[in-house]
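Keep it brief, with cut-offs stated where terms come up.

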Amino acid sequence: MKGESMKETPQQYVKRILGYVEGKDPLKIQKSTAKKLQKLIKPLSRKQLRRRPAPEKWSIAEILAHLADTEVVGSWRMRLIMGSDGTPILGFDQDVWAKTFAYADRDPKHSLKVFRVLRENNLSLLKSIPPKLWEYHGMHSERGKETIAHTVRMFAGHDLNHLQQIEKIAKSGHGKR
């Protein structure tokens with residue numbers, strides 16, 4: 001996945017995302033994200049959910065669609081790694097996915113529902129695996145070796161990154177119903 005800035009290297013992206021999680025429990029973060037998203041979007045109108053803060057920036061609806069699709073990616077990657085330690089894993093271009101899968105047209109409430117169900121399933125899987133599987137790794141096409149433990153931290157940081165974006169967009173959009 002690309003970071004926010006086109007100039008950001010994969011290493012800078014990892015450092016930024018992991019910075020959000022430093023000193024925090026990544027599983028607790030992941031467990032609370034769907035509820036936090038629900039609370040943030042509940043008071044917003046359809047127009048507010050679809051409003052882009054800038055032409056090149058995603059709306060809240062687009063961010064929610066991205067989070068749902070990213071959870072699909074996480075589900076697949078973790079299972080792939082657990083089933084085959086050291087397996088290659090591909091990065092993806094989030095902007096291509098946003099366009100191809102029409103994130104702007106997706107129902108934000110449905111995206112959140114999909115995210116929540118997939119996230120609950122992934123957390124259930126993580127609770128059930130033996131500790132040794134946490135050290136299994138995949139070789140990411142852009143970022144190199146990534147263990148399950150690292151992936152869990154990355155997803156928690158990714159959550160916090162997008163929660164902050166949504167909070168910012170929601171605050172800036174009050175009164176623009």
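Helix H6 contributes the most to the lining of the second largest pocket, giving 5 residues. The other element that gives two or more residues is helix H2 (26-41). Helices here are DSSP runs (H or I, at least four residues), numbered from the N terminus. This pocket has a volume of about 190 Å³. Its lining consists of Gln-30, Lys-31, Ala-34, Lys-35, Arg-116, Arg-119, Glu-120, Leu-123 and Lys-127. By class, that is 2 nonpolar, 1 polar and 6 charged residues. Asp, Glu, Lys and Arg count as charged; Ala, Val, Leu, Ile, Met, Phe, Trp, Tyr, Cys and Pro count as nonpolar; the others, Gly among them, count as polar.

The model is predicted: local features need pLDDT of at least 70, side-chain atom pairs count only at pLDDT 80 or more, and totals for chains, interfaces and linings use all residues. Residues are numbered from 1 along each chain as its sequence is written, and side-chain values use heavy atoms, with hydrogens and water left out.

How are pockets and cavities told apart? On a 1 Å grid over the protein atoms alone, a cavity is a set of points where a 1.4 Å probe fits but cannot get out. A pocket is an open set with protein on both sides within 12 Å along at least five of seven lines. Lining residues have an atom within 4 Å of a point. Grid points are joined across faces, edges and corners, and a volume is the space filled by probe spheres set on the points.

There are 2 cavities of 30 Å³ or more. The second largest cavity holds about 50 Å³ of space. Gln-30, Glu-71, Gly-74, Met-78, Asn-122, Leu-126, Thr-151, Val-152 and Phe-155 line this cavity. H4, H6 and H7 are the elements that give two or more residues to its lining. The lining divides into 4 nonpolar, 4 polar and 1 charged.

Next come the salt bridges. A salt bridge is a side-chain nitrogen of Lys or Arg within 4 Å of a carboxyl oxygen of Asp or Glu. The count comes to 7. Among them are these:

| Pair | Closest N to O |
|---|---|
| Glu-120 and Arg-116 | 3.6 Å |
| Arg-119 and Asp-159 | 2.5 Å |

Glu-71 joins Arg-119 and Asp-159 in a network of salt bridges.

Buried means under 20% relative accessible area, exposed over 50%, and partly exposed in between (1.4 Å probe, protein chains only).

Glu-120 and Arg-116 both sit in helix H6 (residues 108-128), 4 residues apart, about one turn of the helix. Glu-120 is partly exposed at 47%, and Arg-116 is partly exposed at 35%. Glu-8 is buried at 17%, while Arg-16 counts as partly exposed at 22%.

His-66 lies in helix H4 (residues 60-83) and is buried, with a relative accessible area of 0%. Its side chain makes a polar contact with the side chain of His-158 (2.9 Å). A polar contact is a pair of N or O atoms within 3.5 Å; within protein, one must be able to donate a hydrogen and the other to accept it, and residues adjacent in sequence count only if both atoms are side-chain atoms.
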